[in-house]
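Subject: Structure handover

Hello,

Here is the structure I said I would pass on. Please have it open while you read the notes below it.

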Amino acid sequence: MTGPDVRVEAQSLDPLPPGGHAVCLGRLDEWAVASAREPVVRARSSGSRLLLRHAVAAADGTHPHRVVVGRDGHGRPVLHAPQGLDVSISHTADVLVVGVARGRRIGVDVEAWDRPLMARGLAEKFCHPEELAELRELPPAERNAALVRLWTLKEAYTKALGVGLAYDFSQLRPRPAPGTGWWLDRAAPGWRLRCDRVLDRYAVARALGPDGP
């Protein structure tokens, strides 16, 4: 997938060109305000919003206090100011991830690589039948990591759409594309996906829509 790789500091971003995007990684203890006095979930939420404001400000060449973030009817973050950018948030454990794109949709998701997804019947709920067949051919030690990669790719895409887990994941079939990317066949023309291993512990996926609103 073209575009910047995962960035550690939002402040290091340059203003995004048309069609450009960036994914920014942050640590909970660096971005959550007074996290020691707040429940972990609330701290992740506040830290993600703060990282998002700084990432958007850097991507637009403005100041964080000029960034106005709201939510749509599905809880997806939307930017009221500045205009022309799309955003997405994800967090797990002590890691926060935000995605910013200009002139196109973006969705991000982060999960631990060792998150157990091999529970009985779980794979059947979110995997395409062809994926299940491929999983059975993998060595047992590799199956859970493959499931985590599929999960993050699919969740990043559905978060970009604004529907999240309401989408039937078993109908999505990400396929490897040349290089490091993935695509969704005819189900989502023009969409590009990618999943990276970050900090050697986490899978960070992004889904980037075609040019245009």
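What follows is a summary of what was found, from the whole chain down to single residues.

The model is predicted.

Overall build

The protein has five helices and eleven strands. Its radius of gyration is 17 Å, close to the 17 Å that the globule rule gives for 213 residues, so the protein is as compact as a globular protein of that length. The C-alpha trace spans about 50 × 40 × 30 Å along the principal axes.

Of the 213 residues, 49% count as buried. If you look at contacts in the protein with a separation of 6 or more, 56% of them are accounted for by residues 24 or more positions apart. The exposed surface comes to about 10,600 Å², and carbon and sulfur atoms supply 53% of that area. As for charge, there are 29 positive and 25 negative charges, and their mean positions are 3 Å apart.

The cores

The largest nonpolar core has 27 residues, and those that touch the most other members are F126, C127, L147, Y157, W191 and L193. At least two residues of this core come from each of α3 (122–126), α4 (129–137), α5 (140–161), β10 (192–198) and β11 (202–208). Helix α5 gives the largest share, nine residues. A second, separate core holds 23 residues, among them A43, L52, A55 and L85.

Leaving aside residues up to four places away in sequence, Y157 touches L172, L184, A187, A188, W191, L193 and A207. The other is W191, which sits in the loop between β9 (181–183) and β10. Is W191 buried or exposed? Its relative accessibility is 11%, and the cut-off for buried is under 20%, so W191 counts as buried. With the sequence neighbours up to four places away again left out, W191 touches R105, Y157, A160, L161, W182, W183, A207, L208, G209 and P210. W191 and D14 are 177 residues apart in sequence, and their C-alpha atoms are 24 Å apart in space.

A buried strand residue

T92 belongs to strand β5 (residues 85–92). T92 has a relative accessibility of 17% and therefore counts as buried. Beyond residues up to four places away in sequence, T92 touches R44, V110, E111, A112 and Y202.

Backbone details

Which residues are joined by a cis peptide bond? They are A81 and P82, with omega at about -5 degrees. P82 is placed in the loop between β4 (77–81) and β5.

The loop between β10 and β11 contains L199 and also D200. L199 is not a glycine, yet has a positive phi of about 55 degrees. D200, likewise a residue other than glycine, has a positive phi near 65 degrees. Their accessibility is given here in turn. L199, at 43% relative accessibility, counts as partly exposed. D200 has a relative accessible area of 57% and is exposed.

To find your way around, you could start with W191 in its loop between β9 and β10, go on to its contact Y157, and then turn to L199 in the loop between β10 and β11.

Regards

Methods: Residues numbered from 1 in each chain as written. Predicted model: local features only at pLDDT ≥ 70, side-chain atom pairs only at ≥ 80, totals over all residues. Heavy atoms only, no water. Helix = DSSP H or I, 4+ residues; strand = E, 2+ residues; numbered from the N terminus. Rg over C-alpha atoms; globule rule 2.2 N^0.38 Å. Buried < 20%, exposed > 50% of the residue type's maximum accessible area, 1.4 Å probe, protein only. Contact = heavy atoms within 4.5 Å. Areas by Shrake-Rupley, 256 points an atom, 1.4 Å probe, with all protein chains shown as cover. Lys, Arg positive; Asp, Glu negative; His and termini not counted. Charge placed at Lys NZ, Arg CZ, Asp CG, Glu CD. Core = buried A, V, L, I, M, F, W, Y, C linked by side-chain atoms within 4.5 Å.
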